[in-house]
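Please look over the sequence and the structure first.

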Amino acid sequence: MNQENPAVTELGRYHEEMTMGFATLVENKDGSTGGHIKRTTMYVRLLAEELRRRGYYKEVLTKDYVRNLYLAAPMHDIGKVAVPDVILQKPGRLTEEEFAQMKLHAEHGGRIVQETFGHLGNEQYAEMAYQVARYHHEKWNGSGYPEGLSGEDIPLEARMMALADVFDALVSVRCYKEQMSFDEAFKIIEESLGTHFDPELGKIFLQCRGKLEEYYSAIV
């Protein structure tokens, strides 16, 4: 019978706690409630597991991939540590200059991940953390940032992260916006399939609505 090595299991727990703690510190910098990181991580894992169950991306969505995605997802906004607080915490709309600085968090995030997590010995995790940090603001139609990637040129994990990140932002209170209802948020996502979001992944995401609402309500 196969048994997990206790030392390996303990290392995995330490890695998970370190990753979540680091991400939460950054999240608190922009005045969020602290639940965004945990919720988006749960959303992404739910989507990945559902895609795997349905037979999508069979050669990619292995158990190890889903596990590493779960650990990588909290790193998606790590680049905000390099954005001035006055911009992160500004109530109301950002100016063009402020938004240009805000958008740099994606590039900063990719660099920080490489410098911080690139030598842990788990190459798949390091690459996935880099991808979600750098590319989660790319859009299916090529209008996103930082590189203007489009379609399947956007890494799979970043396409999943985009859905999770936007959904949670829509239904949560932010210093610059009020909370939306689930109906409003899911309508926006549905209307953005094929422009902002991967249409196939987005369709599956919408079909997970019940679980997504449940996860959101569990961590507020």
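## H9 against H11

Phe182, Asp183 and Phe186 of H9 meet Arg209, Leu212, Glu213 and Tyr216 of H11. Contact means heavy atoms within 4.5 Å. Helix H9 covers residues 182–191 and helix H11 residues 209–218; they pack at an angle of about 130°, with their axes 12 Å apart. That makes H9 oblique to H11. Angles under 35 degrees count as roughly parallel, over 145 as roughly antiparallel, 65 to 115 as roughly perpendicular, and the rest as oblique. Axes are lines fitted to C-alpha atoms, for helices over the stretch in contact, and angles run from 0 to 180 degrees between N-to-C directions. H9 and H11 cross in a right-handed sense (the near helix is turned clockwise from the far one by less than a right angle).

## Model and overall make-up

This is a predicted model: local features need pLDDT of at least 70, side-chain atom pairs count only at pLDDT 80 or more, and totals for chains, interfaces and linings use all residues. Residues are numbered from 1 along each chain as its sequence is written, and side-chain values use heavy atoms, with hydrogens and water left out.

The protein has eleven helices and zero strands. Helices (H or I, at least four residues) and strands (E, at least two) are DSSP runs, numbered from the N terminus. Of the 220 residues, 46% are buried. Buried means under 20% relative accessible area, exposed over 50%, and partly exposed in between (1.4 Å probe, protein chains only). Among contacts with a separation of 6 or more, 66% come from residues 24 or more positions apart.

## H3 against H7

Helix H3 (residues 63–72) packs on helix H7 (residues 123–135) at an angle of about 50°, and the axes are 9 Å apart. The two are therefore oblique to each other. Their crossing is right-handed. H3 contributes Asp64, Tyr65, Asn68, Leu69, Leu71 and Ala72 to the contact; H7 contributes Gln124, Tyr125, Met128, Ala129 and Val132.

Seven of the ten residues of H3 are buried, so this helix is largely enclosed by the rest of the structure. They are Tyr65, Val66, Asn68, Leu69, Tyr70, Leu71 and Ala72.

## H2 and Arg39

Helix H2 has 18 residues (36–53). At 1.5 Å a residue it should span 26 Å, and its end C-alpha atoms are 26 Å apart, which agrees. The expected span is 1.5 Å times one less than the number of residues. Buried residues of H2 include Ile37, Tyr43, Val44, Leu46, Leu47 and Leu51.

Arg39 lies in H2 and is buried, at 2% relative accessible area. A polar atom of the Arg39 side chain lies 2.6 Å from the backbone oxygen of Ile219.

## Backbone exceptions

Most residues other than glycine have a negative phi, and most peptide bonds are trans. Tyr57 is not a glycine, yet has a positive phi of about 45°. Tyr57 sits in the loop between H2 and H3 and counts as partly exposed, at 26% relative accessibility. Gly55, which follows H2, also has a positive phi, near 90°.

A cis peptide bond joins Tyr145 and Pro146, with omega about 15°. Pro146 lies in the loop between H7 and helix H8 (156–170).

Note on methods. A polar contact is a pair of N or O atoms within 3.5 Å; within protein, one must be able to donate a hydrogen and the other to accept it, and residues adjacent in sequence count only if both atoms are side-chain atoms.
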